Amino acid sequence: LTSITGRALFYKKEGSLTHKVLALEEEKGAEDAGYAIRNLISAKTLTIEATIKDNYTGKITTMENKVQGPTSVFKTTTNPETDPETKSRFIVLSIDESKEQTQKILDYQRKMQTIEGITGNQAKKEIIKKHKNFQRILRPLAVVNPYADVLTYLDDRIQVRRDHPKYLNLINAVAFIRQYQKEVKQIKKDNQIIEYIEADKEDIRRANKIAHHVLGKNLSELSEPSRRLLELIYDMVRRISAVERISRDEVKFTR
């Protein structure tokens, strides 16, 4: 979607968002729907009761509409000061704004105008097709983490109450993708057989590597651009103090 109004999600059909990805072009086009998006992610359901006119009696009555999740929500923004209530429900990724990355992008754009770029683009489509086909053969198996009790996480701020489940689900996602390398186990509960796989140490190792770069930024009070600016200022002050042979506290610079 490019844009969505405040109550649009509440009036969707009951199963229209179940196991779907809601992709929003930019956060700006969905600002009014922030409350609905937050509840869809956290509660996995939306319920609204609204007044309508009864066609038979002409009287005003109420109707209830329920929209079921779970739904994954994906959106982009250029605004680092995103609403904290909404931001806490997302995994935030930042683009690489370095000069080196810009040069790589420019090189790629020029390459796409050559014969190698045209043939390479076709190869890229084949790779994407293979990834999509692989996802289609993944079975809907439950994931059990036998190491959950020995895992640790920061507990010095209230924000981690939402970030900790992201970490646990990240481990589950890695294990889920690697399901064909695992034994499928079964357990019987209330005359129902549940199939599941177990997360192993390799899953946790891979998830930790991703979490270090992704979830670690979520806990920072600074946005990624602000953090990069602070690091550049720090390096500049360090160089000036070394050249002028003064302490870093004595370094002064203009805007």
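This is a predicted model: local features need pLDDT of at least 70, side-chain atom pairs count only at pLDDT 80 or more; totals for chains, interfaces and linings use all residues.

Colleague: Which strands are linked by the salt bridge between lysine 185 and glutamate 198?

Modeller: The closest N and O atoms of lysine 185 and glutamate 198 are 3.3 Å apart. The two residues are 13 residues apart, and the pair links distant parts of the chain. Lysine 185 is partly exposed at 27% relative accessible area, and glutamate 198 is partly exposed at 29%. Lysine 185 belongs to residues 185-189 and glutamate 198 to residues 192-198, which are strands S6 and S7.

Colleague: In which helix do glutamate 202 and arginine 206 both lie?

Modeller: Glutamate 202 and arginine 206 form a salt bridge with their closest N and O atoms 2.8 Å apart. Glutamate 202 is partly exposed at 26% relative accessibility, as is arginine 206 at 38%. They are four residues apart, about one turn of the helix, and both lie in helix H6.

Colleague: How far does H6 reach from its first C-alpha to its last?

Modeller: H6 has 13 residues, for which 18 Å is expected at 1.5 Å a residue.

Colleague: What arc around the axis do the buried residues of H6 cover?

Modeller: The buried residues of H6 are Asp203, Ile204, Ala207 and Ala211. They lie on the same side of H6, because the arc they cover around the axis is only 90°.

Colleague: Which exposed residues are carried by the face of H6 turned away from its buried side?

Modeller: A residue counts as exposed over 50% relative accessible area. On the face of H6 turned away from the buried side, the exposed residues are Lys201, Lys209 and His212.

Colleague: Which residue caps the N-terminal end of H6?

Modeller: The cap is made by a side-chain oxygen at 3.1 Å from the backbone nitrogen of glutamate 202. The residue that supplies this oxygen is aspartate 200.

Colleague: Which residues are linked with Arg178 in a network of salt bridges?

Modeller: Arginine 178 is found in the loop between H5 and S6, and it counts as buried at 12% relative accessibility. Its side chain makes polar contacts with the side chains of aspartate 200 at 3.5 Å and aspartate 203 at 2.5 Å. The network of salt bridges links Arg178 with Lys182, Asp200 and Asp203.

Colleague: What is the area of the nonpolar surface patch made by Phe134, Ile137, Ile177 and Tyr180?

Modeller: One member, tyrosine 180, has its place in the loop between helix H5 (160-177) and S6. Together with Phe134, Ile137 and Ile177, Tyr180 makes a patch of about 390 Å².

Colleague: Which serine has its side chain joined to that of arginine 89 by a polar contact?

Modeller: Arginine 89 lies in the loop between helix H2 (84-87) and helix H3 (99-111), and it is buried at 18% relative accessibility. The side chain of arginine 89 reaches the backbone oxygen of arginine 38 at 3.3 Å. A further polar contact, of 2.7 Å, joins the side chain of arginine 89 to that of serine 42.

Colleague: What separates the C-alpha atoms of serine 42 and arginine 162?

Modeller: Serine 42 is found in helix H1 (residues 34-42) and is partly exposed, with a relative accessible area of 38%. Serine 42 and arginine 162 are 120 residues apart along the chain. Their C-alpha atoms are separated by 9.6 Å.

Conventions
Residues are numbered from 1 along each chain as its sequence is written. Side-chain values use heavy atoms; hydrogens and water are left out. A salt bridge is a side-chain nitrogen of Lys or Arg within 4 Å of a carboxyl oxygen of Asp or Glu. Buried means under 20% relative accessible area, exposed over 50%, partly exposed in between (1.4 Å probe, protein chains only). The expected span of a helix is 1.5 Å times one less than its number of residues. The arc is that of the directions from the helix axis to the C-beta atoms. A polar contact is a pair of N or O atoms within 3.5 Å; within protein, one must be able to donate a hydrogen and the other to accept it, and residues adjacent in sequence count only if both atoms are side-chain atoms. Patches are made of residues with over 30% relative accessible area and no salt bridge: like charges are joined within 9 Å, nonpolar side chains (Val, Leu, Ile, Met, Phe, Trp, Tyr) within 5 Å. Accessible areas come from the Shrake-Rupley method with a 1.4 Å probe; for residues, only the protein chains shown count as cover.
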